[in-house]
Amino acid sequence: MTPHPLVSADSDAALLRTLADSRMGGAASQTADELGRCVRPFLPILFALADRAGIADREAAVFAMLDEVQHWCHCWESTGLPARAWVIGMAQKRLRQYQASQHN
């Protein structure tokens with residue numbers, strides 16, 4: 001499958017591919033440092049989303065958002081979205097779920 005033109009020029013694409021490989025077991029040799037380098041560029045955005053939502057435990061919310069992103073990142077390329085836009089959308093979806101679970 002040929003990636004969408006927006007995806008192929010996407011500077012974050014390699015990060016999501018690495019996360020997808022690690023989730024699917026294809027990157028057994030990856031260290032925590034290597035995976036950390038994949039998520040680090042997204043952390044400011046995720047913390048900003050948690051701040052904007054008024055989340056008290058920002059770290060827990062960011063962890064939940066990253067978990068969602070890593071869980072579904074193998075599906076990202078088929079959307080045709082730039083990696084960062086996809087991550088923000090998935091993070092916002094998970095943040096709404098996180099907020100709902102905190103109010104129950």
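Predicted model: local features only at pLDDT ≥ 70, side-chain atom pairs only at ≥ 80, totals over all residues.
Let me start with the wording: angles under 35 degrees count as roughly parallel, over 145 as roughly antiparallel, 65 to 115 as roughly perpendicular, and the rest as oblique. Residues are numbered from 1 along each chain as its sequence is written, and side-chain values use heavy atoms, with hydrogens and water left out.

I will take H5 and H6 to begin with. The axes of H5 and helix H6, residues 83–103, come within 8 Å and cross at roughly 125 degrees, so H5 and H6 are oblique to each other. At this contact, Ala60, Ala61, Ala64, Met65, Glu68, Val69 and Trp72 in H5 meet Trp86, Val87, Met90, Ala91, Lys93, Arg94, Leu95, Gln97 and Tyr98 in H6, where contact means heavy atoms within 4.5 Å. Sorted by class, that contact has twelve nonpolar, one polar and three charged residues.

Now to the other pair, H4 and H5. Helix H4, residues 43–52, and helix H5, residues 58–72, have axes that come within 9 Å and cross at roughly 125 degrees, and H4 and H5 are therefore oblique to each other. From H4 the contact is made by Leu43, Leu46, Phe47, Leu49, Ala50 and Asp51, and from H5 by Arg58, Glu59, Ala61, Val62, Met65 and Leu66. The contact of H4 with H5 has nine nonpolar, no polar and three charged residues.A few terms remain to be stated for both pairs. Helices (H or I, at least four residues) are DSSP runs, numbered from the N terminus; axes are lines fitted to C-alpha atoms, for helices over the stretch in contact, with angles from 0 to 180 degrees between N-to-C directions. Ala, Val, Leu, Ile, Met, Phe, Trp, Tyr, Cys and Pro count as nonpolar, Asp, Glu, Lys and Arg as charged, and the others, Gly among them, as polar.

Note on methods. Helix = DSSP H or I, 4+ residues; strand = E, 2+ residues; numbered from the N terminus.
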